[in-house]
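User: I'd like to know what the words used for this fold really rest on. Can you walk me through them?

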Amino acid sequence: MSRNHTLQRMLTANAQWAEDVEKAEPGFFAECAKGQNPHTLWIGCADSRVPDSVITNAKPGEIFVHRNIANQLHLHDDNVLSVLRYAVDFLGVEHVVIVGHTECGGASACLHAVQSSKFSPEDPVTISSLPADSALNRWLAPLSKHVSSLKLSSTPPSEALPIVVEENVKMQVENLCQTITIQDAWGKGTPKGQDVWVHGWVYDIAKGKLKDLNISQGPPNAKKTLSQ
(Lines give C-alpha, C1' and ligand atoms only; values in the text may rest on other atoms or scores of the structure.)
Protein backbone atom coordinates (compact mmCIF):
# COMPACT_ATOMS: atom_id res chain seq x y z
CA MET A 1 0.00 0.00 0.00
CA SER A 2 1.50 3.34 -1.05
CA ARG A 3 2.09 6.15 1.40
CA ASN A 4 -0.30 8.41 -0.49
CA HIS A 5 -3.02 5.74 -0.43
CA THR A 6 -2.62 5.34 3.34
CA LEU A 7 -2.95 9.05 3.94
CA GLN A 8 -5.88 9.38 1.56
CA ARG A 9 -7.65 6.53 3.36
CA MET A 10 -7.25 8.46 6.62
CA LEU A 11 -8.68 11.62 5.10
CA THR A 12 -11.60 9.73 3.57
CA ALA A 13 -12.34 7.98 6.85
CA ASN A 14 -12.30 11.31 8.65
CA ALA A 15 -14.78 12.83 6.23
CA GLN A 16 -17.12 9.86 6.69
CA TRP A 17 -16.75 10.01 10.48
CA ALA A 18 -17.56 13.72 10.56
CA GLU A 19 -20.63 13.16 8.41
CA ASP A 20 -21.83 10.25 10.58
CA VAL A 21 -21.36 12.21 13.82
CA GLU A 22 -23.20 15.24 12.49
CA LYS A 23 -26.11 13.06 11.40
CA ALA A 24 -26.30 11.28 14.74
CA GLU A 25 -25.86 14.42 16.81
CA PRO A 26 -26.60 17.59 14.81
CA GLY A 27 -24.62 20.58 15.99
CA PHE A 28 -21.99 18.50 17.82
CA PHE A 29 -19.01 20.10 16.09
CA ALA A 30 -20.42 23.60 16.44
CA GLU A 31 -20.64 22.99 20.18
CA CYS A 32 -17.09 21.62 20.25
CA ALA A 33 -15.86 24.79 18.62
CA LYS A 34 -17.15 26.84 21.56
CA GLY A 35 -14.62 25.31 23.96
CA GLN A 36 -13.63 22.21 25.88
CA ASN A 37 -14.56 20.97 29.33
CA PRO A 38 -12.64 17.72 29.90
CA HIS A 39 -13.11 15.84 33.16
CA THR A 40 -9.82 13.93 32.95
CA LEU A 41 -6.19 14.40 31.99
CA TRP A 42 -4.84 11.16 30.53
CA ILE A 43 -1.06 10.73 30.70
CA GLY A 44 -0.32 7.62 28.68
CA CYS A 45 2.05 5.89 26.32
CA ALA A 46 2.40 6.91 22.68
CA ASP A 47 1.80 3.28 21.62
CA SER A 48 -0.59 3.20 18.66
CA ARG A 49 -2.57 0.34 20.21
CA VAL A 50 -3.73 2.45 23.16
CA PRO A 51 -5.96 5.23 21.78
CA ASP A 52 -7.46 6.86 24.87
CA SER A 53 -10.78 8.03 23.45
CA VAL A 54 -11.40 4.78 21.60
CA ILE A 55 -10.79 2.39 24.50
CA THR A 56 -12.87 4.53 26.89
CA ASN A 57 -15.62 5.23 24.33
CA ALA A 58 -15.15 8.95 25.02
CA LYS A 59 -16.29 11.83 22.84
CA PRO A 60 -14.09 14.70 21.68
CA GLY A 61 -13.80 17.22 24.50
CA GLU A 62 -14.03 14.72 27.37
CA ILE A 63 -10.35 13.77 27.85
CA PHE A 64 -7.31 16.06 27.75
CA VAL A 65 -4.32 14.00 26.62
CA HIS A 66 -0.56 13.82 26.97
CA ARG A 67 1.30 10.80 25.59
CA ASN A 68 4.96 9.87 25.45
CA ILE A 69 7.27 6.85 25.38
CA ALA A 70 6.42 4.52 28.31
CA ASN A 71 3.98 6.96 29.96
CA GLN A 72 6.64 8.82 31.91
CA LEU A 73 6.21 11.82 34.17
CA HIS A 74 9.66 13.33 34.62
CA LEU A 75 9.76 16.14 37.15
CA HIS A 76 12.06 18.16 34.87
CA ASP A 77 9.94 17.76 31.71
CA ASP A 78 8.32 21.08 30.87
CA ASN A 79 6.13 19.41 28.26
CA VAL A 80 4.14 17.24 30.66
CA LEU A 81 4.33 19.79 33.48
CA SER A 82 2.80 22.51 31.31
CA VAL A 83 0.04 20.15 30.15
CA LEU A 84 -0.68 19.28 33.78
CA ARG A 85 -0.80 22.91 34.90
CA TYR A 86 -3.08 23.92 32.03
CA ALA A 87 -5.40 20.95 32.60
CA VAL A 88 -5.79 21.52 36.34
CA ASP A 89 -5.77 25.32 36.57
CA PHE A 90 -7.38 26.39 33.31
CA LEU A 91 -9.52 23.46 32.20
CA GLY A 92 -10.57 22.33 35.66
CA VAL A 93 -10.00 18.59 35.25
CA GLU A 94 -10.94 16.53 38.30
CA HIS A 95 -8.92 13.43 37.50
CA VAL A 96 -5.36 12.85 36.30
CA VAL A 97 -4.68 9.27 35.25
CA ILE A 98 -1.31 7.68 34.51
CA VAL A 99 -2.04 4.86 32.07
CA GLY A 100 0.48 2.13 31.27
CA HIS A 101 -0.16 -0.93 29.14
CA THR A 102 0.90 -4.52 28.67
CA GLU A 103 3.54 -5.33 26.06
CA CYS A 104 5.01 -1.84 26.41
CA GLY A 105 8.03 -1.44 24.14
CA GLY A 106 9.69 1.15 26.37
CA ALA A 107 9.27 -0.93 29.51
CA SER A 108 10.47 -4.02 27.64
CA ALA A 109 13.58 -2.20 26.43
CA CYS A 110 14.41 -1.16 29.99
CA LEU A 111 13.92 -4.71 31.26
CA HIS A 112 16.07 -6.15 28.47
CA ALA A 113 18.84 -3.67 29.27
CA VAL A 114 18.75 -4.39 32.99
CA GLN A 115 18.88 -8.15 32.40
CA SER A 116 21.98 -7.81 30.23
CA SER A 117 25.42 -8.23 31.78
CA LYS A 118 26.58 -4.81 30.59
CA PHE A 119 23.99 -2.69 32.41
CA SER A 120 25.17 -0.17 35.00
CA PRO A 121 22.61 1.65 37.19
CA GLU A 122 25.11 4.48 37.68
CA ASP A 123 25.37 5.07 33.94
CA PRO A 124 22.32 3.44 32.36
CA VAL A 125 22.19 2.86 28.63
CA THR A 126 18.87 1.32 27.69
CA ILE A 127 19.31 0.93 23.93
CA SER A 128 22.87 -0.06 23.12
CA SER A 129 22.48 0.56 19.38
CA LEU A 130 22.01 4.29 20.08
CA PRO A 131 24.51 6.77 21.55
CA ALA A 132 24.40 6.90 25.33
CA ASP A 133 23.38 10.55 25.20
CA SER A 134 20.66 10.07 22.58
CA ALA A 135 17.22 11.47 23.38
CA LEU A 136 15.66 8.02 23.77
CA ASN A 137 18.37 6.79 26.14
CA ARG A 138 18.10 9.94 28.23
CA TRP A 139 14.33 9.58 28.33
CA LEU A 140 14.36 5.95 29.45
CA ALA A 141 17.25 6.23 31.92
CA PRO A 142 15.07 6.90 35.01
CA LEU A 143 12.86 3.92 34.22
CA SER A 144 15.84 1.65 33.60
CA LYS A 145 17.30 2.68 36.96
CA HIS A 146 13.98 1.92 38.62
CA VAL A 147 13.73 -1.47 36.91
CA SER A 148 17.21 -2.34 38.16
CA SER A 149 15.98 -1.82 41.73
CA LEU A 150 13.19 -4.38 41.28
CA LYS A 151 15.61 -7.33 41.38
CA LEU A 152 14.26 -8.99 38.24
CA SER A 153 17.56 -9.89 36.62
CA SER A 154 16.89 -13.63 36.75
CA THR A 155 13.10 -13.50 36.27
CA PRO A 156 11.86 -14.70 32.87
CA PRO A 157 10.92 -11.67 30.74
CA SER A 158 7.35 -12.92 30.27
CA GLU A 159 6.90 -12.83 34.04
CA ALA A 160 8.98 -9.73 34.67
CA LEU A 161 7.45 -7.37 32.10
CA PRO A 162 3.96 -7.19 33.70
CA ILE A 163 5.68 -6.33 36.99
CA VAL A 164 7.74 -3.61 35.31
CA VAL A 165 4.63 -2.15 33.66
CA GLU A 166 2.73 -1.87 36.94
CA GLU A 167 5.72 -0.63 38.95
CA ASN A 168 6.34 1.99 36.28
CA VAL A 169 2.78 3.31 36.65
CA LYS A 170 3.16 3.39 40.43
CA MET A 171 6.40 5.37 40.14
CA GLN A 172 4.86 7.88 37.73
CA VAL A 173 1.87 8.37 40.05
CA GLU A 174 4.29 9.15 42.87
CA ASN A 175 6.10 11.61 40.61
CA LEU A 176 2.76 13.17 39.69
CA CYS A 177 1.91 13.67 43.34
CA GLN A 178 5.20 15.53 43.82
CA THR A 179 4.56 18.10 41.09
CA ILE A 180 3.99 21.69 42.11
CA THR A 181 0.64 21.70 40.31
CA ILE A 182 -0.76 18.79 42.34
CA GLN A 183 0.79 20.04 45.57
CA ASP A 184 -0.80 23.44 44.95
CA ALA A 185 -4.17 21.82 44.17
CA TRP A 186 -4.09 19.81 47.38
CA GLY A 187 -2.60 22.50 49.59
CA LYS A 188 -4.09 25.75 48.30
CA GLY A 189 -7.01 24.58 46.18
CA THR A 190 -7.51 25.07 42.45
CA PRO A 191 -8.48 28.27 40.62
CA LYS A 192 -11.74 26.65 39.50
CA GLY A 193 -12.44 25.10 42.90
CA GLN A 194 -12.47 21.43 41.90
CA ASP A 195 -10.86 18.61 43.89
CA VAL A 196 -8.17 16.78 41.92
CA TRP A 197 -7.56 13.04 42.14
CA VAL A 198 -4.66 11.09 40.65
CA HIS A 199 -4.94 7.46 39.56
CA GLY A 200 -2.90 4.63 38.06
CA TRP A 201 -4.29 2.24 35.43
CA VAL A 202 -2.92 -0.44 33.12
CA TYR A 203 -4.49 -1.30 29.77
CA ASP A 204 -4.36 -4.97 28.79
CA ILE A 205 -3.84 -4.96 25.04
CA ALA A 206 -4.71 -8.64 24.66
CA LYS A 207 -8.07 -8.16 26.39
CA GLY A 208 -8.95 -4.57 25.54
CA LYS A 209 -9.63 -3.77 29.19
CA LEU A 210 -8.34 -1.21 31.68
CA LYS A 211 -7.22 -2.26 35.16
CA ASP A 212 -7.36 0.14 38.11
CA LEU A 213 -4.28 -0.41 40.30
CA ASN A 214 -6.14 1.07 43.27
CA ILE A 215 -3.42 3.58 44.08
CA SER A 216 -5.57 6.70 43.77
CA GLN A 217 -4.64 9.73 45.84
CA GLY A 218 -6.48 12.98 46.47
CA PRO A 219 -6.55 16.08 48.63
CA PRO A 220 -6.43 15.67 52.42
CA ASN A 221 -9.82 15.08 54.04
CA ALA A 222 -11.60 14.77 50.68
CA LYS A 223 -14.04 11.92 50.23
CA LYS A 224 -13.92 9.93 47.01
CA THR A 225 -16.95 8.00 45.85
CA LEU A 226 -17.18 5.27 43.23
CA SER A 227 -19.17 7.63 41.03
CA GLN A 228 -16.11 9.82 40.66
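Analyst: In α5 the buried residues are G106, A107, A109, C110, L111, A113 and V114. This is a predicted model, where local features need pLDDT of at least 70, side-chain atom pairs count only at pLDDT 80 or more, and totals for chains, interfaces and linings use all residues. Residues are numbered from 1 along each chain as its sequence is written, and side-chain values use heavy atoms, with hydrogens and water left out.

User: What makes α5 "mostly covered"?

Analyst: Seven of its ten residues are buried, and buried means under 20% relative accessible area (exposed is over 50%, partly exposed in between; 1.4 Å probe, protein chains only). The buried residues of α5 pack against α6 and α7, with contact meaning heavy atoms within 4.5 Å. Helices (H or I, at least four residues) and strands (E, at least two) are DSSP runs, numbered from the N terminus.

User: Why is the set with L41, V96, L176 and V198 called a nonpolar core?

Analyst: Because such a core is a set of buried Ala, Val, Leu, Ile, Met, Phe, Trp, Tyr and Cys residues joined through side-chain atoms within 4.5 Å. The largest one here has 44 residues, and those four have the most contacts inside it. Helix α7 gives the most, with nine residues.
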